[in-house]
Amino acid sequence: MAQKPLEGIQLVLMTIALSMATFMQVLDSTIANVAIPTIAGNLGASNSQGTWVITSFGVANAISIPITGWLAKRIGEVRLFTWATAAFVIASWLCGISENLSMLIFFRVIQGVVAGPLIPLSQSLLLSNYPPAKRNIALSLWAMTVIVAPICGPILGGWISDNYHWGWIFFINVPIGIVVVMLTLQTLRKRETKTLLQPIDTVGLVLLVVGIGSLQVMLDRGRELDWFNSTEIIVLTVIAVVALAGLLIWELTDDHPIVDLSLFKSRNFTIGCLSISLAYMLYFGSIVLLPQLLQEVYGYTATWAGLASAPVGVIPVILSPIIGRFAHKLDMRRLVTFSFIMYAVCFYWRAYTFEPGMDFGASAWPQFVQGFAVACFFMPLTTITLSGLAPDRLAAASSLSNFVRTLAGSIGTSITTTMWTDRESMHHSQLTESITPFNSNAQDMYHQLEQLGMTQQQASAYIAQQITNQGLIISANEIFWSSAGVFLILLVVVWFARPPFGSGSGGGGAH
């Protein structure tokens with residue numbers, strides 16, 4: 001017998017608790033990015049060693065997300081969510097008091113593991129405890145936190161590391177987590193889901209840990225080690241491919257799979273998962289690229305680069321509740337179509353306006369308009385993905401789709417940063433070819449710089465720096481162009497989803 005949905009103040013408190021948990025977890029995956037130089041310097045490590053602070057969390061998180069569905073069935077969704085949040089608070093505090101890099105990385109791994117269940121469970125608990133008519137509003141409010149957190153992360157991380165001890169990047173989770181645990185116990189303690197004592201799929205778990213671990217480390221280390229010119233990268237790739245292929249075969253034949261691949265038999269789940277993952281891959285790639293471009297080429301500080309990215313969160317905060325309110329009257333595919341068109345427009349816009357001497361507004365305005373795309377992105381695609389699934393499959397479906405999306409974000413980051421540097425090298429060599437004694441423009445430039453008091457060597461260094469900047473801008477613009485093209489292709493894919501789109505209504509696809 002299904003429990004009655006929550007109402008009134010209990011519903012509000014539960015929504016706040018689950019949204020704050022999501023916010024905390026997504027914030028934590030981006031807040032450390034801009035603080036790496038500070039953390040590495042403080043702990044006596046190099047910047048490349050410092051990036052393991054991000055990598056270790058990402059690897060552990062990617063591995064633990066898919067097993068959320070199995071764990072939730074074993075110990076109950078509410079209990080697992082509460083324990084995971086409490087453990088996340090303790091791990092965050094231990095990260096903040098770390099005295100060396102090894103200690104910090106160890107606690108980041110623990111933090112990543114216990115963070116895995118937070119997003120999928122916050123999603124499934126929202127859907128299963130909301131009145132069916134208001135589920136779209138719930139998903140809109142939830143999606144808003146997923147969107148705003150990656151924007152707050154770099155600004156908050158930059159500001160904390162500029163003004164306070166870097167440990168506060170992690171300590172900030174402690175009060176948030178305590179509030180989440182208290183509100184969850186207050187609203188959901190008596191609403192535990194049914195538990196099943198299923199045997200653990202040990203082979204599947206080992207293959208998952210080895211496969212995803214190898215893949216994530218390969219993606220994070222690839223650029224630094226020059227990809228397939230490195231033996232380490234080749235070995236990691238082979239291990240990842242063999243383990244993931246083995247996982248696929250094993251999970252399709254096992255009676256109690258740790259990753260429920262049978263969910264892909266649902267057309268809407270497959271199309272929703274594919275669309276949200278590819279779109280998130282491009283979106284997350286640009287979140288990483290934009291601040292780096294603004295800092296390297298335009299000389300922005302970490303805080304200002306964060307502020308230039310921030311306008312993307314303005315429109316979703318205003319629009320998400322409105323879209324949620326009227327979503328039951330709308331075809332989700334139309335909302336997603338509008339979203340993808342707006343993404344394409346904003347990526348093309350950047351490709352045209354990013355040039356040397358660009359002002360703050362030229363980087364901030366496309367971000368602001370992209371807010372329309374983001375507002376119509378997460379909630380409709382999540383609704384399509386989970387439509388037509390029985391309530392007891394929501395936790396597994398939510399964890400699998402979030403896992404694929406998280407992995408796509410990592411792949412997007414690696415592809416974007418690699419393409420950016422590789423294309424810059426190519427453009428750099430092409431542009432340098434024209435700097436010769438026979439090119440009158442080049443000689444005029446040298447002459448002008450020498451008149452300003454530069455030596456021949458200083459003038460050469462200045463010109464080389466300008467060429468590098470030009471190469472970085474051109475290669476970023478090429479990425480913007482190709483991303484816009486992919487969004488236009490995704491427009492077609494989303495129309496293969498089949499209505500009705502009742503989020504987690506059990507019979508959504510069966511009417």
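Figure 1. A residue counts as buried when its relative accessible area is under 20%. Pro 66, in this predicted model, has a relative accessibility of 3% and therefore counts as buried. When neighbours within four places in sequence are left aside, the contacts of Pro 66 are Leu 208, Ile 258, Val 259, Ser 399 and Phe 403. Ser 275 stands 209 residues from Pro 66 in sequence, and the C-alpha atoms of the two are 19 Å apart in space.

**Figure 2. Ser 92 in helix α6.** Helix α6 comprises residues 77–96 and includes Ser 92. The relative accessibility of Ser 92 is 0%, and the residue counts as buried. A polar contact of 2.9 Å joins the side chain of Ser 92 to the side chain of Gln 111. With residues up to four places away in sequence not counted, Ser 92 touches Gln 111, Phe 170 and Asn 173.

**Figure 3. The salt bridge between Arg 108 and Asp 28.** Four salt bridges are found in a search of the whole structure. In the one formed by Arg 108 and Asp 28, the closest N and O atoms are 2.7 Å apart. Arg 108 belongs to helix α7 (residues 101–115) and Asp 28 to helix α1 (residues 8–30), so the pair ties together parts that are 80 residues apart in sequence. Both Arg 108 and Asp 28 are buried.

**Figure 4. The salt bridge between Asp 260 and Arg 393.** The side chains of Asp 260 and Arg 393 meet at 3.0 Å, N to O. Asp 260 lies in the loop between α13 and α14 (267–296), and Arg 393 in the loop between α19 (378–386) and α20 (394–432), so this pair ties together parts that are 133 residues apart in sequence. Asp 260 is partly exposed, its relative accessible area being 22%. Arg 393 is also partly exposed, with a value of 26%.

**Figure 5. The salt bridge between Asp 331 and Arg 333.** The closest N and O atoms of this pair are 2.9 Å apart. Asp 331 has a relative accessibility of 23% and counts as partly exposed, whereas Arg 333 is buried, with a relative accessible area of 12%.

**Figure 6. Helix α8, residues 118–129.** The end C-alpha atoms of α8 are 16 Å apart, in agreement with the 16 Å that its twelve residues should span at 1.5 Å a residue. Eleven of the twelve residues are buried, so α8 is largely enclosed by the rest of the structure. Among the buried residues are Leu 118, Ile 119, Pro 120, Gln 123 and Asn 129.

**Figure 7. Helix α13 and its packing against α12.** Helix α13 (residues 231–253) has 23 residues. From first C-alpha to last, α13 reaches 33 Å, close to the 33 Å expected at 1.5 Å a residue. At the start of the helix, a side-chain oxygen of Ser 230 comes to within 3.2 Å of the backbone nitrogen of Glu 232. Buried residues of α13 are Ile 233, Leu 236, Thr 237, Ala 240, Ala 243, Leu 247 and Glu 251. The partner against which the buried residues of α13 pack is α12 (202–222).

**Figure 8. The aromatic pair of Tyr 352 and Trp 481.** The count of aromatic pairs comes to 22. The ring centres of Tyr 352 and Trp 481 are 5.5 Å apart and the planes stand at 65 degrees, so the pair is edge-to-face. Tyr 352 lies in helix α17 (residues 332–353) and Trp 481 in helix α22 (residues 456–493), so the pair ties together parts that are 129 residues apart in sequence. Tyr 352 is exposed, with a relative accessible area of 61%, while Trp 481 is partly exposed, at 38%.

**Figure 9. An aromatic cluster and two arginine side chains over rings.** One aromatic cluster is formed by Tyr 280, Tyr 283, Phe 284, Phe 340, Tyr 343, Phe 347, Phe 354, Phe 377, Phe 378, Phe 480 and Phe 487. Arg 350 lies over the face of Phe 480, at 5.7 Å from the ring centre. Arg 405 lies over the face of Tyr 280, at 4.7 Å from the ring centre.

Terms used:
Residues numbered from 1 in each chain as written. Predicted model: local features only at pLDDT ≥ 70, side-chain atom pairs only at ≥ 80, totals over all residues. Heavy atoms only, no water. Helix = DSSP H or I, 4+ residues; strand = E, 2+ residues; numbered from the N terminus. Expected span 1.5 Å × (residues − 1). Buried < 20%, exposed > 50% of the residue type's maximum accessible area, 1.4 Å probe, protein only. Contact = heavy atoms within 4.5 Å. Polar contact = N/O pair within 3.5 Å; in protein donor to acceptor, adjacent residues only side chain to side chain. Phe/Tyr/Trp six-rings, centres within 6.5 Å; stacked < 30°, edge-to-face > 60°. Lys NZ or Arg CZ within 6 Å of the ring centre and 35° of its normal.
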